[in-house]
Amino acid sequence: METTTIVFAVIIVALVFEYINGFHDTANSIATVVGTKVLTPRQAIMLAACTNLGGAFTGLAVAKTVAGGLVNPDFINQGVLIGALLGAIIWNLLTWWFGLPSSSTHALVGGLAGAVLAVGVMLSSAGKLTDKEGKPQSLIDTCLVWSGTKDKSSKKLVDPSPEVLAALAAQGDEARENGTHRLKIGDKETQVVVFEGRIKQVEETKKVNGEKIGILNKVLIPMFTSPLVGLVGGFLLMSFLYLILRWMRPVWVNRIFGKLQLASSAYMGWSHGMNDATKTMGIITLALVTATAGNLGVPEWMQVAKTPDAYHLSPFANVVSWLPSWLQFGYMPEPVDFKNPGVPSWVVCICACTMAAGTAAGGWKIIKTMGHKMVKLQPVHGFAAETTAATILYVTGSFGMPVSTTHAITTSIMGVGCAKRFSALRLNVVERILWAWVLTIPATAGLSFLFVWLGVKSGIIIMPL
């Protein structure tokens, strides 16, 4: 029988992964600004830590994908999650030691998949991996959310109708509560967002099978397309800058883009926090949902229901609510998604702060590889690479795709180097990086598979089913 102790163990191991992710991926945010000597390493790390912290508070789509869109939650318990995290942690430490900028995102996805597959293999060998009729089931299809579609729901906030306002007013004092209210008007349910006295009705549009889900669509396809977009995008942006700056003196180019690179580095750090910090939030939320459903007796403040609280607000929305009304600029929070577990505010805060602390610790070996060894960079090159990579991360993060920050920035640097001249790239370094990319998911899946298999056989880990 699992106890609350192992729930705390999952949280601690997840935060260790988050901290390692911070210093392992620090280079993603600051390698170019250090390589171009616009900032000193210490200044760049502080900038990255602050912007990573801010980004972690503003986007939770990736957290929701990790928490419920990659593996079968029935095959998950606290021990399995620890096995998944240990595989990812060991791989991150190995690649950090050798100075290879591998993907922490893919390390975590590989760890989750390997851990769940270990459970599936043991169930299959015991003849328990069957359907309701007793027929054997496919290992991949049962353990993983490999591919598929789901109805896509797009929501926008509009002015409320008189009927909605009347139904909300009928709730009395509860009508002033900030958050998403669910109102019954006739035989139809309507959602209303209330925030600091402002009221907006949720207008929802559904598209049948409008969103692709699963590891194939959310991880593997973006794993190949995002580096390609980074390479081509970096090449095109740098070529464009060469075209419009060809008559400008180099000293002025360096001065102008030395300033602009501060903005692009902040943009990169923000996008990195939005994408990378949130995936650990998804792991912890998954652990808490499992513990709550399994009645492990976790304290009330740690319990997470599969259907989130209607009045759940993100930490960012809570901060905005403290501001005077004239500084809120009419801000309205996103409606609560009642089909997915909400990420608790304390999980967001602790993960964001841990990522920032890890970032502040620095990852000097990877910074050296990316900022100096791949290609010699000037401020204009750093600006182009960071802007390209940060835009990729922002777009994919908004769609809940746990894309590799490392892949995006590294290929953007390669694209910038190719625009300079193809011989500027040091192909021996690029080859080592590509091997780290190829091996990350299989290596972490294998490590986590081994940890879970040994854990179950030794009695340390309890089988989920």
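Reader: What should I know about the model and the numbering?

Author: It's a predicted model, where local features need pLDDT of at least 70 and side-chain atom pairs count only at pLDDT 80 or more, while totals for chains, interfaces and linings use all residues. Residues are numbered from 1 along each chain as its sequence is written, and side-chain values use heavy atoms, with hydrogens and water left out.

Reader: Ok, back to helix 1 and helix 5. At what angle do the axes cross?

Author: Roughly 20°, and the axes of helix 1 (residues 4–24) and helix 5 (residues 78–97) come within 9 Å. Axes are lines fitted to C-alpha atoms, for helices over the stretch in contact, with angles from 0 to 180 degrees between N-to-C directions. So helix 1 is roughly parallel to helix 5; under 35 degrees counts as roughly parallel, over 145 as roughly antiparallel, 65 to 115 as roughly perpendicular and the rest as oblique.

Reader: Which residues meet there?

Author: From helix 1, they include Val13, Phe17 and Ile20, and from helix 5, they include Leu85, Ile89 and Trp96. Contact means heavy atoms within 4.5 Å. The residues of this helix 1 and helix 5 contact split into 18 nonpolar, five polar and no charged. For those classes, Ala, Val, Leu, Ile, Met, Phe, Trp, Tyr, Cys and Pro are nonpolar, Asp, Glu, Lys and Arg are charged, and the others, Gly among them, are polar.

Reader: And how does helix 9 cross helix 15?

Author: That crossing is right-handed. The axes of helix 9 (residues 215–245) and helix 15 (residues 379–398) come within 9 Å and cross at roughly 140°, so helix 9 is oblique to helix 15. Among the contact residues are Gly230, Gly233 and Gly234 of helix 9, with Ala384 and Thr388 of helix 15. The residues of that contact are ten nonpolar, seven polar and no charged.

Reader: Switching topic: in what order do the strands sit in the sheet?

Author: 1-4-3-2, in an open sheet of four strands with antiparallel pairing; two strands pair if DSSP finds at least two bridges between them. Strand 1 (148–158) and strand 2 (179–185) are the edges with a single partner each, so one side of each has no neighbour in the sheet. The twist averages 35° from one strand to the next.

Reader: What packs on that sheet?

Author: Helix 8 (residues 162–169), which touches strand 2, strand 3 and strand 4 (198–213), with its direction at about 105° to that of strand 2.

Reader: How many bridges join strand 1 to strand 4?

Author: Ten, and lysine 152 has lysine 207 as its bridge partner in strand 4. Strand 3 and strand 4 pair over four bridges and form a hairpin with two residues between them, where glutamate 196 in the turn has a positive phi of about 50°.

Reader: Is threonine 190 buried or exposed?

Author: Buried, because its relative accessibility is 9%; buried means under 20% relative accessible area, exposed over 50% and partly exposed in between, with a 1.4 Å probe and protein chains only. Threonine 190 is in strand 3, and its contacts include Val164, Leu183 and Gln201.

Notes. A crossing is left-handed if the near helix is turned anticlockwise from the far one by less than a right angle, and right-handed if clockwise. Lists of a residue's contacts leave out its neighbours within four places in sequence.
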